[in-house]
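Trainee: Could you take me carefully through the beta-sheet part of this model, strand by strand, with the criteria behind each term?

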Amino acid sequence: MPAPDPLGFLSDALAGAEEAARALLGQERVRLAVTGLSRAGKTVFLTSLVANLLAAGAGLSTLPALEAAAAGRLRRVRLLPAGVEAVPRFDPEAHLAALAADPPRWPARTEDLSTLALTLELDRRSWLGSVFGARRVTLELLDYPGEWLLDLPMLRQSYAEWSAATLARLRRGARAAAFGPFLAFVDALPAAAPAEDALSRRGFALYREGLRAARDTHGLRLLQPGRFLNPGPRGEAPLMWFFPLPHPEGGGLAELCARRYAAYLADQRSVFLEPFFRRFGRQAVLVDVLAALHQGEEAFDDTAAALAEITAALRYGGSLLDRLTGQGVRRVAFVATKADHVPERQRAALTALLEDLVQAPRERALAAGAETGVHALAAIRCTEDDTAIVDGRPVEAVRGVLLESGRVARVYPGEVPPRRPGPEFWRHGRRFAMPDFQPPRLDPHGAAGVPHLGLDTLLAWLIGDLL
Amino acid sequence: MSAPGTPPPREPRVILEEGEAPPPRSAAPAPRDRETPPAPRLDFGWERAVAQGSAARPRPAGGWSSLGLLGAGAAVLVLGLSALEAANFVAAQFARATWLGVLTLGVAGAGYGLIGAALWREARGLAALRSVDRARAAFARGDHATARAEALRWAAEVPAAQSVLPALRAANDPDSLRAILEAGPLAALEAQAQALGRAAALQAFAVTAISPSAGFDALVFASRGVRLVRQVAALHGLRPGLAGTLALLRRTLLDAATVAATDVAVDTAARALLTNPLLEKIAGEAAAGAVAARRMLRLARAASEACRIVPRR
């Protein structure tokens, strides 16, 4: 159990007092943590959320369920003007322009942190309250490289614990092949290997190659540390030249790796985790369930394990101190993204499969007092339901324009099981990569929002009680 | 969709539409390939759907909170019962003597008239604030008809804006309305608000520098601040009563609170630097005065912002 942090408690108490004062003035502020592994669709989700909220604030019916939750009192939504933030600003206009361009471009892999805040202006519920003017709810959003999220569980582990757990994992299944050269290298190292930079850089390079192969070739997700895969704008630094060792408690190279491990975590904690993930009120955990299913049994289980690790490391506000200071997450939504990749009939199965996948993290969040929900959405809808003939039989499929060729295609995504499938499913199934679709015709300025599936229902559940 | 009793195919599949012309959905983009022109992107008719949805969206009726019902009930009881009591009393006075009844009726009528006038003034003040909100919302959503109507009504009541009335009538879109208002009357009103702020800042500085206690400073700042907010509101054609002033103060409170937090830090740092007791006394009071003056200037800006009928971009 970590030692109590008096400064952290004080800061939480001040934040709690500020939140209470803001609520009293009708100026609530809520930080929405959009959490997800890499390529889960966080950037597109945020772009769609911003465009549709701004359009809803201008009076368009882009988010009907959210408007119903607000009882029609949403009057205006605007982007909070930039202040003196040191963190880059999330640029929904640029993402929308790229999506609307010809040829369209989906957002590239997120390389850095960026933030944005929206203010929702609402009429007061009562006539008397309206004397005091509109309520304002500020929604703070953060975009970040999904890979970095997997550094969260490392904060609870020492270098020796992390080394042992990681090496045990690397020797199993598809990882053993991806990390073959790295495992051969570390197994050949003597226990008292000297603290030579040549050794540490060689080990780091082999380990990183293994991580890349595991991600790109095998579709695995539980890959640590995050900055090895996505170093961000600061690039590679000497504190990253470490890797798991079979003898992590010796001197020489083991000691050097342990020091760099500690320095790496301290750096990630101060730059990314502490400022952005210490305190938030609502959380959306985005999961590309269909891609995990299509990439095989090991990738599917690995995604589940990665989600369990991340959610176990997040702060759900169940402790006594959290209750005293009013901190912690109130609502957690687990969201299956890219729901437009399956026809409507299968979306319920997609939600049920995600529910099964995140059972352990859900129970943890529930035990800490957070409400949890499971949703399926397409932040930008790219397909329409159709019928295709497969093996001489008509099946429900989705129809869209392929990104690469610009040709129309019907895609039959296979049957989505409502719970984790058994061995029979994997035996017959082969790996399948869902093609990228072009986004639909969009206004480059996003004045009318963007077509979506289920974004309004998710937002109504996540923040509807604040409106 | 597959035949009943037979399991659906397990393997996912991509089936390209060979030689099939896609249905016309939108204007085709420029072809990238001479042999196989790209298909047009899907069009869900989103813009039309969201526009229709918004037209059908009803505006919610204002409800009554428990506190509102409590207050209204108390007001009805106090005013209603006192009116009944007064009526009984007037009737009794008429029974005693006609001249006494007339006199009592005059006194009661004057009293209730003054109360009515106060309520009427409050209602007008609040209605003016609501009108500002309507105008801002109309500008924000690009609703030209409402924005124009509100801008014309506002300009007719604000002396500084009457010269632009013809231009406002001729404006064809919200951007033109905004440009006319921002370049003309709003710029002038903001300059006047700053002048009022400077006058208030000077007074706050002088009073704080010579005041005997911090509590007195706060009192002076609060009362001068409220007066400043009301002066700025009057510039913008608002004549807020008590409730209107409260609403205006609330709107400016957050900005003012942010500034105050910064100022406390600056003030503390300034005081910490001065260790000489005499210097500390003289410069410390002057520093406090400067902080109060700066807050007053900021308050003028915040109040002017709260009263603008055009939202900032």
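Mentor: What follows goes through the sheets one after the other, beginning with the conventions.

This is a predicted model, in which local features need pLDDT of at least 70 and side-chain atom pairs count only at pLDDT 80 or more, while totals for chains, interfaces and linings use all residues; side-chain values use heavy atoms, with hydrogens and water left out. Residues are numbered from 1 along each chain as its sequence is written, and chains are lettered from A and ligands numbered from 1 in the order in which they are written.

Strands of a sheet pair through backbone hydrogen bonds, either parallel or antiparallel. Strands (E, at least two residues) and helices (H or I, at least four) are DSSP runs, numbered from the N terminus, and two strands pair if DSSP finds at least two bridges between them.

In chain A, seven strands in the order β2-β3-β4-β1-β5-β6-β7 form an open sheet whose pairing is mixed. Its edges are taken by β2 (74–79) and β7 (371–376) of chain A, each of which has a single partner strand, so one side of each is left without a neighbour in the sheet. With direction ignored, neighbouring strands of this sheet are turned against each other by 20 degrees on average; axes here are lines fitted to C-alpha atoms (for helices over the stretch in contact), and angles run from 0 to 180 degrees between N-to-C directions.

Within this sheet, β1 (residues 29–36) and β4 (residues 135–143) of chain A run parallel and are joined by four bridges, and L32(A) has L141(A) of β4(A) as its bridge partner. Helix α10 (residues 253–277) of chain A packs on the sheet and touches β1, β3 (114–122) and β4 of chain A, with a direction at about 130 degrees to that of β1(A); contact means heavy atoms within 4.5 Å. Helix α15 (residues 359–367) of chain A also packs on the sheet, where it touches β6 (331–336) and β7 of chain A, and its direction makes about 145 degrees with that of β7(A).

A further open sheet has four strands in the order β8(A)-β9(A)-β10(A)-β1(B), with antiparallel pairing. Its edge strands are β8 (384–390) of chain A and β1 (13–16) of chain B, each pairing on one side only, and from one strand to the next the twist averages 40 degrees. Seven bridges pair β8(A) in the antiparallel sense with β9 (residues 393–401) of chain A, and the bridge partner of E384(A) in β9(A) is R399(A).
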